[in-house]
Amino acid sequence: MADSRETELRRDAFVTGWPIKHSRSPIIHNHWLARYGLPGSYRAEAVQADDFAAFFSALKEGGPYRGGNVTIPHKEAACRLADRRDDIAEELGAANTVWLEDGRLTATNTDPFGFTANLNQQHPGWERTARVVILGAGGASRAVIQAVRDRGIGEIHVVNRTVSRARELADRFGARIHAHGLEALPEVMQGAGLFVNTTSLGMDGGEAMELNFTALSSNAVVTDLVYVPLVTPLLQQAHDQGLATVDGLGMLLHQAAPGFEKWFGIRPSVDEDLRRLVIADMERHA
Ligand code: NAP
């Protein structure tokens, strides 16, 4: 009896991408499964781009999974192939979280939530500013633009090496978004209350730009989506220049929470234990 009840309660979820072995999502979700004493599992599924459509449609045929996370290179395909997508995924054109609802695969993107929740936790009041500067115009930038726009911030300046990509995002996300090349940084940083790096600059010891953060408003906060290393060259510069900083690891942790709730029924909390666990894994693989 106990066994069949456990089978009934058991739920499984996945993360799929290619490659997938470096994903930290299994550490996060299996930590929460253990913490809340839930039967079930969260597993990595390595799926190549050509096989993704078949993997995705098989999910509807009653396999073990309630849903899962989707990462590079499948985020756009997941959004397109889902039976339903919410407004967030629809606008971003990319999904990172899917679940079965009434037999239909439903998709969202939890990166905007993760970005906002991290700042809410680490630097409450961050949104009380009239101007934001976002460096970068790739996939991660879209989520950040959507998140800050939806918090009602008036002026959002997207600055990118390839200015045409920033322009595409300004066209997509509306009149409050302004596109610039890198040369505009000193000007648009004047008086801004939030600076976000969404480029891959500074990742894994790579080069970063030298920036004068003192042009930002004195109570501004600087955050970086890159979280390996935890203190990126940009965060170090901002700190040395007297600005508040928030690292990007919290975004990774917070974006995981809505999916866990969809699959396993409990809204998990992001706390220091989880953060320490992921940092320990980062140190093991440094
Ligand atoms: P992406 O789509 O490849 O975009 C990369 C961006 O970086 C583009 O704007 C690109 O500019 C810029 N860039 C790259 N090299 C540059 C250089 N040498 N000089 C100036 N700009 C440069 O990547 P993504 O998916 O947006 O991810 C960006 C970063 O965010 C990655 O490090 C990723 O790990 C991180 N991320 C973190 C989280 C989190 O939860 N913390 C979530 C998502 C992503 P061009 O357009 O000119 O090429």
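Predicted model: local features only at pLDDT ≥ 70, side-chain atom pairs only at ≥ 80, totals over all residues.
Me: What makes β2 and β4 edge strands?
Reply: The open sheet runs β2-β1-β3-β5-β6-β4, with mixed pairing. β2 (40-46) and β4 (84-85) each have a single partner strand, so one side of each has no neighbour in the sheet. Strands here are DSSP runs of E, at least two residues long, and helices are runs of H or I, at least four, numbered from the N terminus.

Me: Why are β1 and β3 called a pair?
Reply: Two strands pair if DSSP finds at least two bridges between them. β1 (residues 11-17) and β3 (residues 65-70) have five, in the parallel sense, so they pass the rule.

Me: Why is the link between Glu261 and Arg267 called a salt bridge?
Reply: The rule wants a side-chain nitrogen of Lys or Arg within 4 Å of a carboxyl oxygen of Asp or Glu. For Glu261 and Arg267 the N to O distance is 2.7 Å, so the pair qualifies. By this rule the count comes to 16 salt bridges.

Me: What about Arg284 and Asp281: buried or exposed?
Reply: Buried means under 20% relative accessible area, exposed over 50%, and partly exposed in between (1.4 Å probe, protein chains only). Arg284 has 60%, so it's exposed. Asp281 has 9%, so it's buried. Salt bridges with shared partners tie Arg24, Asp281 and Arg284 into one network.

Me: And what makes Asp273 partly exposed?
Reply: Its relative accessibility is 43%, which means it falls between the two cut-offs. Asp273 also meets Arg276 in a salt bridge at 3.0 Å, N to O. These two are three residues apart in helix α12 (residues 272-284), so about one helical turn separates them.

Me: What makes a group of residues a nonpolar core?
Reply: It has to be a set of buried Ala, Val, Leu, Ile, Met, Phe, Trp, Tyr and Cys residues joined through side-chain atoms within 4.5 Å. The largest one here has 25 residues, and Phe115, Ile134, Val148 and Leu194 touch the most other members. Apart from it lies another core, of 22 residues, among them Ile20, Ala257, Phe264 and Leu274.

Key: Residues numbered from 1 in each chain as written. Heavy atoms only, no water.
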